[in-house]
Amino acid sequence: MIATLSNPRLQAQVSADGAELVRLQDEQGRDLLWGGDPAFWTGRSPLLFPIVGRVRNDRIRVGGSEHELPKHGFARTSRFEAVETHPTRCLFRLVSDETTLKQYPFPFRLDVVYAIEAATLTMTASATSTGDFAMPVSFGFHPAFRWPLPYGAPREDHEIRFEHDEPAPIRRPVDGLLSHRADPSPIQGRTLALRDSLFAADAIVFDQLKSRSVVYGAPGSGSIHVGFPQMPHLGIWTKPGSGFICIEPWQGHADPEGFEGELASKPGILLVQPGETKTFTMTITINSAGL
């Protein structure tokens, strides 16, 4: 099932499989989202829940017991229920069941709303603890934008501009876990010039991020503004030589190397109390006129 949202400036398509954004077009029908070429990566904009990244040995520890949980969790491979579909808004829902409870022993409800207004798509995920005890959770967005964007600028001119200066060091994944080693930030001032070589050692992870928005594009060409007001971490990733760049706002990240604690004590985890809801939001605003 695919929900289509449209107005004169934007069109979005969302699949019930993973509640994933699978297409995003501007007012002229130009595709802005990666098409999922299996030669590189079949994802387009998966949702990361209830963890972000990998956990050690792909197993979480809860109350002394271990549960096998794959990288980025199970939401991205789950079938969501389409609760509401309207011309400019849709709501998809995932509720815990026997299968999820074996991997992640916490009852939950995950509601994901997509809404478009003018040239902005807003994605809002709400995770509710429906059990009798606190639920440890992370959440991440993972949109893959076309690189280059369809506005005529060369691929090598594309960059990501941050809201603030980002002098703090970055981290890299090592076998999927977050390295203890801190590398110098590749950002010059507020600008990250995009090159395939940046990603030869996998993703760039910002775990000391000041910015809560970035702008992606080429100077003098169309651009995409990504806002993530509640998300304290950010990953940027591609497969060198492909046609996409992922800009990934996160709450949480992969297990640090050597981490052996309980899920509730994992860095970046939020504890959602019984009956409580935590909300995570990302906005994508298209400026086809240029940076």
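The accessible surface of the chain comes to about 11,700 Å² (Shrake-Rupley method, 1.4 Å probe), and carbon and sulfur atoms hold 48% of that area. The structure is a predicted model, in which local features need pLDDT of at least 70, side-chain atom pairs count only at pLDDT 80 or more, and totals for chains, interfaces and linings use all residues. Residues are numbered from 1 along each chain as its sequence is written, and side-chain values use heavy atoms, with hydrogens and water left out.

One helix and 24 strands make up the secondary structure of the chain (DSSP runs: H or I of at least four residues for helices, E of at least two for strands). The radius of gyration, taken over C-alpha atoms, is 18 Å, close to the 19 Å from the globule rule (2.2 Å times the number of residues to the power 0.38) for 291 residues, so the chain is as compact as a globular protein of that length. Along the principal axes, the C-alpha atoms fill a box of roughly 55 × 45 × 35 Å.

Of the contacts (heavy atoms within 4.5 Å) with a separation of 6 or more, 66% join residues 24 or more positions apart.

| Residue | State | Relative accessible area |
|---|---|---|
| C90 | buried | 0% |
| C246 | buried | 0% |

A search of the whole structure finds zero disulfides (pairs of cysteine sulfur atoms within 2.5 Å).

Methods:
Buried means under 20% relative accessible area, exposed over 50%, partly exposed in between (1.4 Å probe, protein chains only).
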